[in-house]
Amino acid sequence: MKVAVFSSKPYDQKFLEKSNQNQHELTFFEPRLTLETASLAVGFNTICVFVNDQLDAKTLEKLAQGGTKLIALRCAGFNNIDLKKASELGIIIVRVPAYSPYSVAEHTVGLILTLNRKLHRAYYRVRDGNFSLDGLLGFDLNKRTVGIIGTGKIGVIVAKILTGFGCKILGYDLYPNPEFKTMGGEYVPLQKLVKQSDIISLHCPLTPETYHIINPETINNAKDGVMLVNTSRGALIDTKAVIKGLKSEKIGSLALDVYEQEADLFFEDLSNEIIQDDTFQRLLTFPNVLITGHQAFFTQEALTNIADTTISNITDFEQGNTCTNEVKLEKAVANR
Ligand code: NAD
């Protein structure tokens, strides 16, 4: 197959070429897929995209005109695709449903530990010869209550790791997972989880139902000083409401690996640019906010699995095999 790989970085190229073994003709494009860059895909029957590539109705139409038959996502989430339009155009979508839930779960726990004990600040202080402890006070995780919203593959692993710290684990999910209960988690309604949790960690997909699941009302219902962690999708959080919560000190601390408007920022070196997103810049001014740029998935194991599954998805399509990783419109709607 002739594959146009969008949003490709050197690491994508390295892992995809290793998995591909010259089976498919891969062409790597650094730009993100948008309506403007879709013309690069003309003549390629397959395009391969990542989390911030734009697959709205207009872009899909342009891709279809250029001959795109298959879209291979290098990620699990498909919130950036107009599935109805793709189905109308007869474009097949395949994804990588699981590549390493450990990568994201471990990063989530890393954020919690770093934010709580202020390790990111301590690192700079000590290098600067400042050994003062003022402002570095944390709390024991032992006996704290952690609320996990979305108890699928990643949420359950976060819960398991935090159980090892002696945390009490509450969960909220539309589709309860028996594994969560087996490891000692307790399912409660969302409101109760929000009210009782010292730490709230988001692990559900972004759907119309979960859009801004953290909003002024949830923030108001939360415990004073709650720690909020989002390694799932940016738009699960109403960022402006969270900034208000941080200013009023209702929210004690915030860790993000994803951000509502991240498509214009993440995965690029903008250190010499003037960042125009005032909301993001405001977040960076808080001493109790820790942000990473969508790197939770970024482990050797995850990149290997993403590349292997993506290549095998493309091969399945080429050979006319049933692809178990196909994103079907009806199933996606039913799973919401
Ligand atoms: P998963 O499908 O195994 O689990 C998601 C869980 O959310 C499921 O149990 C599902 O029932 C639940 N859910 C769905 N709708 C819900 C709702 N309205 N309310 C509450 N729960 C709901 O997915 P996963 O592999 O655990 O991944 C979770 C999320 O992590 C993904 O959707 C993706 O957005 C994000 N992710 C982020 C990164 C990163 O690098 N930061 C990497 C991979 C995945």
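Both faces of strand β10 are covered, with Val226, Leu228 and Asn230 buried on one side and Met227 and Val229 buried on the other, where buried means under 20% relative accessible area with a 1.4 Å probe and protein chains only. This is a predicted model, in which local features need pLDDT of at least 70 and side-chain atom pairs count only at pLDDT 80 or more, while totals for chains, interfaces and linings use all residues. Residues are numbered from 1 along each chain as its sequence is written, and side-chain values use heavy atoms, with hydrogens and water left out.

**Strand β10 and its partner**
- Because 5 of the 5 residues of β10 (residues 226-230) are buried, this strand is largely enclosed by the rest of the structure.
- Strand β9 (residues 199-202) pairs with β10 in the parallel sense over 4 bridges, pairing being assigned if DSSP finds at least two bridges between two strands.
- Within this pairing, Ile200 stands opposite Leu228 of β10.

**The chain as a whole**
- The protein chain has 13 helices and 12 strands, which are DSSP runs of H or I with at least four residues for helices and of E with at least two for strands.
- Along its principal axes, the C-alpha trace of the protein chain spans about 60 × 45 × 35 Å.
- Of the 336 residues in the protein chain, 50% are buried.
- Among contacts in the protein chain with a separation of 6 or more, 65% come from residues 24 or more positions apart, a contact being heavy atoms within 4.5 Å.
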